[in-house]
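Reader: I am new to protein structures and would like to learn how to read one feature after another. Could you take me through this one slowly?

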Amino acid sequence: MLALTELGQRLRQERESKGLSLEDLQKLTKIQKRYLLGIEEGNYEVMPGKFYVRAFIKQYCEAIGLDTDAIFEEYKSDIPSTQTEDIPQQLSRVRSRKEIPQHTKGVSKAYDYLPTVLVVAGVVVVGIIIWVIAQNIVSDQNKEQATQEAPSSEVQQSNTQEETNDKTAKNDNSKSEDDQSAADKKEKEKAEKEKAAKEKAEKEKKDSGKQEYKEVQKTGRSATYALSGTDAFNLEVTSTQADTWLDVKNGKGNAFFSSILKKGETKEFDLTKETEARVNIGYSPGVELKVNGKAVDLPFDSSKQVRQVVTIQYQPAEAQ
């Protein structure tokens with residue numbers, strides 16, 4: 001095993017402090033595990049090129065919550081430059097005519113016989129249709145003859161069918177009563193849920209009319225907001241596109257959550273007793289924030305700023 005560089009040691013220690021394995025980091029960054037291991041060991045020879053080394057290190061840092069610019073400046077001696085690197089020849093996918101497989105010539109010959117094959121298939125289909133029609137005609141004639149020869153049998157079958165229908169109707173009535181009872185129960189439960197949802201919506205609407213959420217400061221990848229005009233501070237964080245690192249702390253640095261937020265997962269936090277909350281998002285594309293049930297925008301464009309830190313300062317309405 002290669003000796004770790006200072007940068008590799010720093011990255012591995014930070015990853016392990018977050019409780020992340022290389023497999024977890026591979027899911028977050030979409031970078032193959034062997035490249036991540038190469039970064040930690042300083043074995044850049046396994047990379048496709050120097051450009052990829054810098055790009056992969058940048059994604060590694062963002063996934064574990066490190067400041068990329070600071071890391072590149074501090075460990076610039078460990079990170080290769082890309083100024084003299086040529087574009088890898090393997091990126092070119094253009095092939096000359098000589099490289100085109102010769103076996104495709106046989107395909108064009110097959111197309112010469114296509115009209116004949118289609119004509120033969122058409123004749124076969126027409127023959128099958130004529131045969132089916134003839135069979136249906138013969139079947140109808142046999143049914144008509146059988147009806148004329150056995151009228152009494154039909155009467156007997158009709159009486160039997162009426163008795164069967166009566167029994168079926170009785171069973172259906174009994175089943176219908178059971179179904180109606182179950183339907184009434186479901187309808188009652190549905191009405192209760194709708195009532196509860198309506199009351200919750202009215203309460204949130206009432207609170208949102210007073211609630212004020214405004215920007216105080218924005219710098220780098222961090223922004224601060226002030227929440228006021230409400231007696232509640234409930235935060236919801238949802239990741240809709242991919243797994244992301246999420247770290248939620250109060251103003252004293254006590255962590256409420258510090259782990260991977262899975263794709264499609266939502267975490268809710270009751271921060272009513274706190275005066276400040278700091279939300280560190282490792283991969284912001286597809287992440288949604290809600291404050292007291294109301295969606296709020298992230299401070300930066302997630303396509304340009306992948307990692308974002310949002311600080312919310314809370315002042316209860318009763319204290320104003």
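Predicted model: local features only at pLDDT ≥ 70, side-chain atom pairs only at ≥ 80, totals over all residues.

Reader: How should I read two helices that lie against each other, and at what angle do the axes of H1 and H4 cross?

Author: Two packed helices are described by the angle between their axes and the distance between the axes. For helix H1 (residues 6-17) and helix H4 (residues 50-63), the axes come within 10 Å and cross at roughly 30°. Angles under 35 degrees count as roughly parallel, and H1 and H4 are therefore roughly parallel to each other. The crossing in which H1 passes H4 is left-handed.

Reader: Which residues in H1 and H4 meet?

Author: From H1 come Leu 7, Leu 11, Arg 12 and Arg 15, and they meet Ile 57, Tyr 60 and Cys 61 in H4.

Reader: How do the axes of H1 and H3 cross?

Author: The axes of H1 and H3 come within 6 Å and cross at roughly 120°, and H1 and H3 are therefore oblique to each other. On the H1 side, Gly 8, Gln 9, Leu 11, Arg 12 and Arg 15 take part, and they meet Leu 37, Ile 39, Glu 40 and Glu 41 in H3. The residues of the contact of H1 with H3 divide into three nonpolar, two polar and four charged.

Reader: Now I would like to turn to the strands. What is the order of the strands in the open sheet of six?

Author: As a general idea, strands of a sheet pair through backbone hydrogen bonds, either parallel or antiparallel. The open sheet of six strands has the order S1-S2-S10-S7-S4-S5, with mixed pairing. S1 and strand S5 (255-261) stand at the edges with a single partner strand each, so one side of each is left without a neighbour in the sheet. On average, and with direction ignored, neighbouring strands of this sheet are turned by 15° against each other.

Reader: How many bridges join S1 to S2, and which residue in their hairpin takes a positive phi?

Author: Strand S1 (residues 212-219) and strand S2 (residues 222-228) run antiparallel and are joined by seven bridges. Within this pair, Gln 217 stands opposite Thr 224 in S2. The hairpin of S1 and S2 has two residues between the strands, and Gly 220 takes a positive phi near 60° there.

Reader: Where does S4 find its partners, and in what sense does S4 pair with S5?

Author: S4 and S5 pair in the antiparallel sense over six bridges, and Trp 245 has Ile 260 in S5 as its bridge partner. Their hairpin has four residues between the strands, and in this hairpin Gly 253 takes a positive phi near 90°. Strand S4 (residues 244-250) is also joined to strand S7 (residues 276-281), by five bridges, and these two run antiparallel. Here Asn 250 stands opposite Ala 277 in S7, while Leu 246 stands opposite Ile 281 in S7. S7 is in turn joined by six bridges to strand S10 (residues 308-314), again running antiparallel, and Ile 281 stands opposite Gln 308 in S10.

Reader: Which strands stand at the edges of the sheet of four?

Author: This open sheet of four strands has the order S6-S3-S8-S9, with antiparallel pairing. Strand S6 (266-270) and strand S9 (294-296) stand at its edges, each with a single partner strand, so one side of each is left without a neighbour in the sheet. Neighbouring strands of this sheet are turned by 25° against each other on average, direction ignored. Strand S3 (residues 234-239) pairs with S6 over five bridges in the antiparallel sense, and Asn 234 stands opposite Asp 270 in S6.

Key:
Residues numbered from 1 in each chain as written. Heavy atoms only, no water. Axes fitted to C-alpha atoms, helices over the stretch in contact; angles between N-to-C directions. Parallel < 35°, antiparallel > 145°, perpendicular 65-115°, else oblique. Left-handed = near helix turned anticlockwise from the far one by under 90°. Contact = heavy atoms within 4.5 Å. Pairing = 2+ DSSP bridges. Nonpolar A, V, L, I, M, F, W, Y, C, P; charged D, E, K, R; others polar.
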